Amino acid sequence: MTSTQDELYRETAQTFGAALERLARAYEADADLRRDLVQEIHVALWRSFDGFDGRCSLRTWIYRVAHNVGASHVLRQRRSNAQTLVGLEELENLPDANQGEHAADRSHALGRLLGLIQRLKPLDRHVILSYLEGLDAASIGEITGLSAGNVATKIHRIKNMLARQFQQGGSES
Amino acid sequence: MMEVQNPAQKLWQDQPVEGIKMSAEEIRKRAGKFERRIRWRNRRESVGCLLVCGLFAYFLFDTHEVLFRMAYGLFMAAMIWIAIQLHRKGFVQSLPAGLEASSSLQFFRKELERQRDAVKNVWPWYLAPMVPGYVMLTIAYVVSFPHPVRWIGVAAFDLFVVLLFIGIWKMNLRAARCLQRSIDELNAAE
């Protein structure tokens, strides 16, 4: 337990605190369990900084740790929750339930977005979250370990799906 | 970071957050608490096996028939063996040590491979250890109650156990195949 570990943690909490909360929201719908998950991510990050060797950027490290904790949470929950998770391919083909409807309420739109994300398999969830956080394809590839071609395909699907779900109504932006 | 271009990205990034913050001291406390919780979670299934073991111990001391005692003793040994295997295989793991900062792909593959290996062959660690106990119990019944009418009941029970074992084995094989398909998908995505 070094001061560098504490410093890295402080820097992370300050810079990525909000992103980590958003990420946890995508992995856990229940507010109390989500708070626990955020804290679990913080603890995992603080612990992991003991072994941070700078071989990848701090941001890559943080997202890897946070997503892996989130995915681990999903895998644990699946033992008690039989909800079937789908891939981006299936989600892309979903009919747009709100097509043509002007959903003015941002929280409704956000809820819909979260609903879509929470149905995804962990790896696809990881890609869409990284995309929504504004990370570029190269960073997403570095964090997930997916090939550049695969990341490009997935991002293309994500863009199509998001465009259909959130632009045709036109009002969420 | 890329520039925010997509309305969904803006919607996502503009959502309100609680601003959960933890001091280094809180983190240390919380880390200890998590470790205790994980230790308990890992022990829970083993503790279940040991409770069943305790029930067989009660039967063992309650009966004076040697063959029944042997059967219950074999069941106890089987439950202890299963408890050890559950602990070793870490069925309910938290984030595996050292995998925190691996890429998502590596993380999922390791996790799926671990689960696949655990369910692929349940005979040596889960089903087979129970067989000597059941065989001995059947012998004990046949010897202690030498009435063919009773044997029909014993045979029906044994048939039920055999079918149950086959069902568990088949279900696990199916689960292993599903996990293998997911691993293959991940390998193709690399």
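Helices here are DSSP runs of H or I spanning at least four residues, and they are numbered from the N terminus. With that in hand, the layout of chain B can be read off directly: along the sequence, this chain follows the pattern α-α-α-α-α-α-α. The model is a predicted one, with an ipTM of 0.78 and a pTM of 0.70.

The secondary structure of chain B amounts to seven helices and zero strands. Confidence in the chain can be summarised by a mean pLDDT of 83, and 89% of the residues of chain B reach 70 or more. Of the 190 residues in chain B, 17% are buried. As for how the chain folds back on itself, 76% of the contacts in chain B between residues at least 6 apart in sequence join residues at least 24 apart.

The crossing of H3(B) with H6(B) is left-handed. On the H3(B) side, the contact is made by Leu67(B), Phe68(B), Met70(B), Ala71(B), Leu74(B), Phe75(B) and Ala78(B). On the H6(B) side, the contributors are Pro132(B), Gly133(B), Met136(B), Leu137(B), Ile139(B), Ala140(B), Val143(B) and Ser144(B). By residue class, this contact of H3(B) with H6(B) comprises 13 nonpolar and two polar residues, and no charged ones.

The other packing joins H6(B) to helix H7 of chain B, residues 148–189, at an angle of about 170° and with the axes 10 Å apart. The same cut-off for the angle, over 145 degrees, applies again, and H6(B) and H7(B) are therefore roughly antiparallel to each other. Here Tyr134(B), Thr138(B), Tyr141(B) and Val142(B) of H6(B) meet Arg150(B), Trp151(B), Val154(B), Asp158(B) and Val161(B) of H7(B). Six nonpolar, one polar and two charged residues make up the contact of H6(B) with H7(B).

Turning to chain A, the secondary structure comes to eight helices and zero strands. From the N terminus on, the elements of chain A run α-α-α-α-α-α-α-α. Buried residues account for 41% of the 173 residues in chain A. Among contacts in chain A between residues at least 6 apart in sequence, the share joining residues at least 24 apart is 71%.

Within chain A, the axes of H1(A) and helix H2 of chain A, residues 31–48, come within 9 Å and cross at roughly 145°. This crossing of H1(A) and H2(A) is right-handed. Helix H1(A) contributes Gln5(A), Tyr9(A), Thr12(A), Ala13(A), Leu20(A), Glu21(A), Ala24(A), Arg25(A) and Tyr27(A) to the contact, and H2(A) contributes Arg34(A), Leu37(A), Val38(A), Ile41(A), His42(A), Leu45(A) and Trp46(A). The residues of the contact of H1(A) with H2(A) fall into 10 nonpolar, three polar and three charged.

Arg25(A) lies in helix H1 of chain A, which covers residues 3–27. A residue counts as buried if 20 or more other C-beta atoms lie within 10 Å of its own; Arg25(A) has 23 such atoms within 10 Å and is therefore buried. Leaving aside neighbours within four places in sequence, Arg25(A) is in contact with Arg34(A) and Leu114(A). Arg25(A) and Gln118(A) are 93 residues apart in sequence, yet their C-alpha atoms are 8.9 Å apart in space.

Finally, the two chains meet at an interface in which 38 residues of chain B are in contact with 48 residues of chain A. On the chain B side, the elements that give two or more residues are helix H1 (7–13), helix H2 (24–62) and helix H4 (104–120) of chain B. H1(B) supplies the largest share of that side, seven residues. The side of chain B that touches chain A is made up of 21 nonpolar, 10 polar and seven charged residues.

Methods. Residues are numbered from 1 along each chain as its sequence is written. Chains are lettered from A and ligands numbered from 1 in the order in which they are written. This is a predicted model: local features need pLDDT of at least 70, side-chain atom pairs count only at pLDDT 80 or more; totals for chains, interfaces and linings use all residues. A residue is buried if 20 or more other C-beta atoms lie within 10 Å of its own, exposed if 12 or fewer, and partly exposed in between; C-beta atoms are placed from the backbone. Two residues are in contact if their C-beta atoms, placed from the backbone, lie within 7 Å. Ala, Val, Leu, Ile, Met, Phe, Trp, Tyr, Cys and Pro count as nonpolar, Asp, Glu, Lys and Arg as charged, and the others, Gly among them, as polar. pLDDT is the predictor's confidence in each residue, from 0 to 100. Axes are lines fitted to C-alpha atoms, for helices over the stretch in contact, and angles run from 0 to 180 degrees between N-to-C directions. A crossing is left-handed if the near helix is turned anticlockwise from the far one by less than a right angle, and right-handed if clockwise. Angles under 35 degrees count as roughly parallel, over 145 as roughly antiparallel, 65 to 115 as roughly perpendicular and the rest as oblique.
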